[in-house]
Amino acid sequence: MTAVEQSLPANNLQPKTIYLKDYQVPGYLIKTTDLRFEIYEGETIVSAMLHLYRNPAAQAPATQLTLHGADLELVSIALDGKILSADDYEFGEENITIFNTPAEFKLLTITKIKPEANTSLEGLYRSRTMYCTQCEAEGFRKITYYLDRPDVMSEFTTTVVADKKYPVLLSNGNLIDQGEADNDRHFATWHDPFKKPAYLFALVAGDLAHIEDSFTTCTGREVALKIFVEPKDLDKCEHAMTSLKNSMRWDEQVYGREYDLNIFMIVAVDDFNMGAMENKGLNIFNTSCVLAKPETTTDAGFQRVEGVVAHEYFHNWSGNRVTCRDWFQLSLKEGFTVYRDSEFSADLGSRTVKRVEDVSLLRTLQFAEDAGPMAHPIRPESYIEISNFYTMTIYEKGAEIIRMLATLLGKENFRKGTDLYFERHDGQAVTTEDFVAALADASGRDLSQFKRWYSQAGTPRLQVTDHYDENTQEYSLTIKQSCPPTPECQTKLPFHIPIAVGLLGSAGDLPLYLKDAEPDFETGDNTHQVLELTAAEQTFVFQRVQEKPVPSLLRGFSAPVKLQYGYSRADLIVLMSRDSDGFNRWEASQQLGLQAIYFAMSIYQRGENLAALQLDAELIAAYRSVLQDESLDKAMVAYMLSLPTEAYISELAEVVDVEAIHHSRSAIRKILARELRTEFMGIYTAYDHTQAYAATADAIAARSLKNVALGYLMLLGEDELIRACEQQYRTANNMTDVMAALTQLVNTDAPLAHTLAESALADFYQRWQDESLVVNQWLMVQASCALPNTLAKVKSLQQHPAYDGKNPNKIRALIASFCNGNAINFHADAGAGYAFLADQIIVLNTQNPQIASRLLTPLTKWKKYSPERQGLMKAELERIMAEPALSKDVFEVVSKSLA
Ligand code: B3K
Ligand code: ZN
């Protein structure tokens, strides 16, 4: 049997579960790694010289060495210069074991790989005109035999040899040599002085153009900054470069972190499984997260580029200099880095707006994950395929856990804690325990109970009741916590939860005198207090409260929990119009919207006509006053006027009634459009569409409010407004306004809109067919259309030349937008959407298991639907399960969903 056959997964074997409790230090470590890549069309030859030595920390001296390896063809293997014979080693499933290994030795392996045939986009692969790599988490084993685990850190030197039609040859670290090679080829040698795990390795070879800039660090060192792209994209790099420089400065100022190499490079790649990758000194990005210019990129796109560039850059310290001991510790780097990039964006733009965006994402997607079959704590105990654990929980909930630590410690102590963490663990592979210990040591705080957030999954529920005593002028808040069971744990111990609160009186925030507590000095005012809930039930008493207040609870969403308090509508209107906490003003607007939608749903579910529905004047007046509130950031007005999304309402529901949610929400939106027509018209017509585009927070806010107004106005179905929308489509000077108008035309159910949408879509494609990222937006807008017959449209678009079923961005734009973002159509037609999705997953299972597994999400939620839908969804999961040769990725998600 050849090595290739040996390393293929055995189909009849049930994939193995990996447990955190089984962690053992590696028997060998690797001092240096010298790699040589000979790239030819169709195959690449990889020579790897590893300097191995026994790990002094291992329990017993190792006498054999098992290296990971997958899809490799072994050409030769030599130990200290002696070629090994077949008796000296043995192939296992995705590994090779070498017997009788000494204390220290050099191992040279030569292997062949086929990047052109690699459709998993993991390891070394080809994307359009270039070769590139993606190694996290376990892709390096598809490049060469290695100890592919993050606690093995080595110093890499890499030589890339290729034809001269690939003039740019890159790897990690500094360029130390380059020149001519045999047969009119050329080479480049890179050396990375920082030892790193294999998952941070990167290589790129291609015909790339680049822009160049430089950054002077806080100690005066000059760093060259380069962004490499295909030549056609050279005009879309400026925004990423600006974002990079801003990130470098911010990390120096806020965390005291200086960049450490003389060069920092970003390469944009069109075929990429996720957003980007933080390889040391050589970040590789999905084109969607680096390219931006006003004509082709929406505001959301600009913001995403800024956020992802920052995120990957911040990993240089939180991830690379200090890395993870094992993959159970993934949130050590991801949660912390998401927290860092989110604070960066908050500092550069609007803090409240960023918070609203982050919390919306968390509450729809992460809360749903935490309530579903794949629920896991931010430090999981087990996995089958680690790629399945790059989740909303590890990333976004992980970031919330760090945010709570920052809240509990206060700014100064939190910074002391992170300083200690970086200093203590520089160059090491560590655990989340180590992180919390550094914070506890630096601040003197006891975080032992807090650590339960790392090991218990599920979204905690808080039940709040209050009591006001006029005579004693005491106001008490009683808070009960509980947490529903999750697969890994049935009964939960109480969490340590920071709950930021204020009390609203008739003339504004009341001063707070919490019994038995110091005032909260950090905020510099006494109207804001962080309560620390540690017991299952606790009462907090405020003294000298002169009137019955409206409590403003969980300000800034200070903990990732579901809070229940019996707010009256009048309370919510007070909070929405004048809470000093901007986040809670938005939250009140969402609660009000929800109440209205629930009311409409009850009518719909009784079979009555929603057209007759009315909203009372007080509620309309409250929304009107938001529209007229000059003190509010326009982006906040836009968010406050946007009703809770269908996805959020579905997450809150016990059983999701897809049609009731969709039609009730639409009905409320229509009423608001009618009642607030004048105000929306005012906003829309006041906007100057001829102004030059800027991606500043203010300009983005103004556009978002104006386009929210347009969205409401289009619900009125008036020809004149439809024409105005089409005019915006035709004349806008930026993609945000073009897409906003196109989306409205496509979703408006009126004859004129249908006609104009058809011609706008044709025009759009005609104009942008050569811009892949713009074509993705064109696919997305069609796949997201809430009007009937969208599934047929999606199927026909799969045959369109614009579609490429191997490109993850195209799959996300067409398939995921439909299945994940278009509930009313995905769940229609007696399961046709479910069958369609299962068909896609079955194809992708062999082609690109990571993408296949990601696409499964909507089917994993089957238990939340009506019995009929449950049956249909489950049947599709079973059909997938019955496929021969299921990848570990798909097997894990499907089997856990069916369990
Ligand atoms: N660390 C990478 C994610 C890798 C995903 C591998 N399946 C990007 C990031 O979080 O920055
Ligand atoms: Zn990350």
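**View 1. Division of the protein into domains.** The protein comprises domain 1 (4-207), domain 2 (322-455) and domain 3 (461-494 + 496-565), with bounds taken from an automatic or database domain assignment. The model is predicted: local features need pLDDT of at least 70, side-chain atom pairs count only at pLDDT 80 or more, and totals for chains, interfaces and linings use all residues. Residues are numbered from 1 along each chain as its sequence is written, and side-chain values use heavy atoms, hydrogens and water being left out.

**View 2. The interface of domain 1 and domain 2.** Contact (heavy atoms within 4.5 Å) joins 17 residues of domain 1 to 22 residues of domain 2. Between them the two domains bury about 1600 Å², 61% of it on carbon and sulfur atoms; buried area is the accessible area (1.4 Å probe) that two parts lose on being put together, summed over both. On the side of domain 1, Ile18, Leu20 and Pro150 lose the most area to domain 2, together 35% of what that side buries.

**View 3. Glutamate 136 and its surroundings.** One salt bridge is counted between domain 1 and domain 2, the term denoting a side-chain nitrogen of Lys or Arg within 4 Å of a carboxyl oxygen of Asp or Glu. Glutamate 136 forms a salt bridge with lysine 333, their closest N and O atoms being 2.7 Å apart. The peptide bond from glutamate 136 to alanine 137 is cis, with omega near -5 degrees.

**View 4. Positive phi at aspartate 184 and alanine 830.** Most residues other than glycine have a negative phi. Aspartate 184, however, has phi near 60 degrees, and alanine 830 has phi near 45 degrees.

Note on methods:
Chains are lettered from A and ligands numbered from 1 in the order in which they are written.
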